[in-house]
Protein chains: 2
Amino acid sequence: MSGPTAAMIVIGDEILSGRTREGNAHHLAGVMTEIGIRLTEIRVVADGRDAIVEAVNTLRSRVDYVFTSGGIGPTHDDITADAVAAAFGVLIGVREDARAILAAYYGTDDINEARLRMARIPDGADLIENPLSQAPGFRLGNVHVMAGVPDIFKVMVETVRPTLKGGAPVRSWAFRVPVPEGDVAVALAQVAEAHPAVSLGSYPFYRGGLGTTLIARSSDEAALDAAAQAVRDMLVGMGVGNVEETPPD
Amino acid sequence: MSGPTAAMIVIGDEILSGRTREGNAHHLAGVMTEIGIRLTEIRVVADGRDAIVEAVNTLRSRVDYVFTSGGIGPTHDDITADAVAAAFGVLIGVREDARAILAAYYGTDDINEARLRMARIPDGADLIENPLSQAPGFRLGNVHVMAGVPDIFKVMVETVRPTLKGGAPVRSWAFRVPVPEGDVAVALAQVAEAHPAVSLGSYPFYRGGLGTTLIARSSDEAALDAAAQAVRDMLVGMGVGNVEETPPD
């Protein structure tokens with residue numbers, strides 16, 4: 001598959017300790033699919049400078065867009081902005097436009113030392129607006145640094161969305177069948193081989209017994225329709241009933 | 001922090017496309033915390049051989065235990081076992097003990113070609129039992145290869161758990177307060193500095209307004225209790241009320 005690509009870096013010890021269940025990556029994944037950008041990797045790393053620098057530098061050279069979530073607040077463990085500056089080898093300091101946004105929000109020019117951390121922006125970055133609680137994210141090169149709080153992450157994604165150059169959206173047909181993968185695997189591999197422009201995946205589920213969700217995905221609508229019909233024919237030919245179809249959105 | 005470490009690799013296009021919300025990493029994170037193993041990284045990669053090989057080889061040299069989830073079923077897109085064999089540079093083929101388990105489960109010695117894929121095990125690996133649907137996972141070196149179906153992943157984790165060597169469990173106190181992070185950040189940094197054996201984190205939430213969850217974590221119980229008391233004193237000193245405390249499990 002070609003087309004634009006993205007990667008996500010989730011920063012946060014609270015995810016790695018199991019305290020918080022991450023949801024921002026799932027949200028971003030859905031948005032990327034909508035606009036035709038292929039998310040190729042998600043990494044969850046600790047609140048540690050070296051871990052963040054490594055992930056940013058590995059992924060920013062590999063994909064078109066990198067998104068980070070978390071670690072841009074006012075506390076001592078919020079080190080994402082400094083780590084991203086280090087990854088790019090640029091300086092970082094309190095920036096006047098970011099400071100002014102915070103001063104307006106808090107209604108005082110006398111912002112405390114901790115909040116002033118949220119106005120630290122690496123040199124050369126553009127701010128990403130945060131209509132919800134004002135403290136901005138930023139874009140440096142192809143790296144978009146955003147908040148970890150889910151509501152704020154989502155509004156920042158919407159702020160950034162019009163600036164992203166998507167490809168042809170990937171659409172999908174899903175077929176949920178009450179038989180184990182092993183019953184359909186051989187036939188499905190044949191369908192996959194006959195429809196090279198379509199990605200055919202098979203995802204088992206377990207609910208009392210094993211079942212399978214078959215998914216056909218493609219950015220080529222005609223090819224997708226043909227593959228979906230081939231899956232239908234395959235299931236009829238095998239005598240599999242009770243198929244739940246879900247068409248593209 | 002020292003002690004044993006782990007990393008998780010989630011394999012699956014369906015997570016990256018946003019169709020499925022991943023839960024196995026969150027489950028593993030909780031188990032690791034219970035048994036005193038520090039999860040340092042989670043990577044979600046595509047169903048692609050190169051992506052899996054790279055993640056396995058990077059992480060297995062970096063942590064004590066690696067766990068993978070997904071891609072060990074019978075279909076053409078299930079390539080995890082082959083990729084892990086490639087990562088270790090060992091051969092892979094149908095293994096008699098794994099084939100026998102599947103034959104007993106399906107009640108026939110005549111297993112179809114697709115199901116036989118689930119008996120492909122890299123040379124030198126030990127099987128990981130799967131009481132739920134029999135198709136085994138395996139351990140090769142420090143890499144534990146497990147199913148993606150959540151119920152099966154969970155039973156495999158329980159199968160593996162007694163073989164893992166944990167450290168002192170990390171316990172945590174949580175304090176949920178109805179004030180933004182910026183109000184407590186300066187004082188919290190002072191508490192953190194005074195309690196070096198305890199990790200003090202601050203996690204904002206947004207529910208109509210901004211609030212903060214303060215978390216103190218340590219494997220040293222006395223140090224943890226002292227830090228928790230210091231956080232309590234800090235909040236009282238600042239006049240912050242409506243604190244919801246959650247003690248260690």
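This is a predicted model: local features need pLDDT of at least 70, side-chain atom pairs count only at pLDDT 80 or more; totals for chains, interfaces and linings use all residues.
Which residues in helix H4 of chain B are buried?

Now the answer. Helix H4 covers residues 80-88 of chain B. Its buried residues are Thr80(B), Ala81(B), Ala83(B), Val84(B), Ala85(B) and Ala87(B).

Next, a pair of helices in chain B. Two packed helices are described by the angle between their axes and the distance between the axes. Here the pair is H8(B), residues 181-194, and H9(B), residues 221-237. They pack at an angle of about 155°. Their axes are 10 Å apart. An angle over 145 degrees counts as roughly antiparallel, so that is what H8(B) and H9(B) are to each other. Their crossing is right-handed.

Who touches whom? From H8(B), we have Ala187(B), Val191(B) and Ala194(B). They meet Ala227(B), Ala230(B), Val231(B) and Met234(B) from H9(B). Sort this contact by class: seven nonpolar residues, no polar ones, no charged ones. Why would residues a few places apart face one partner? An α-helix has 3.6 residues a turn, so residues three or four places apart point the same way.

Last, the two chains. How does chain B superpose on chain A? Rotate chain B by 180°, with 0.0 Å of shift along the axis. The RMSD is 0.0 Å. The copies are thus related as by a two-fold rotation axis. The same surface serves both copies, as 98% of the contact residues of chain B recur in chain A. In chain B, the residue closest to the rotation axis is Arg43(B), with its C-alpha at 2.2 Å.

Notes:
Residues are numbered from 1 along each chain as its sequence is written. Chains are lettered from A and ligands numbered from 1 in the order in which they are written. A residue is buried if 20 or more other C-beta atoms lie within 10 Å of its own, exposed if 12 or fewer, and partly exposed in between; C-beta atoms are placed from the backbone. Helices (H or I, at least four residues) and strands (E, at least two) are DSSP runs, numbered from the N terminus. Copies are superposed by least squares on the C-alpha atoms of residues with pLDDT of at least 70 in both. Two residues are in contact if their C-beta atoms, placed from the backbone, lie within 7 Å. Axes are lines fitted to C-alpha atoms, for helices over the stretch in contact, and angles run from 0 to 180 degrees between N-to-C directions. Angles under 35 degrees count as roughly parallel, over 145 as roughly antiparallel, 65 to 115 as roughly perpendicular and the rest as oblique. A crossing is left-handed if the near helix is turned anticlockwise from the far one by less than a right angle, and right-handed if clockwise. Ala, Val, Leu, Ile, Met, Phe, Trp, Tyr, Cys and Pro count as nonpolar, Asp, Glu, Lys and Arg as charged, and the others, Gly among them, as polar.
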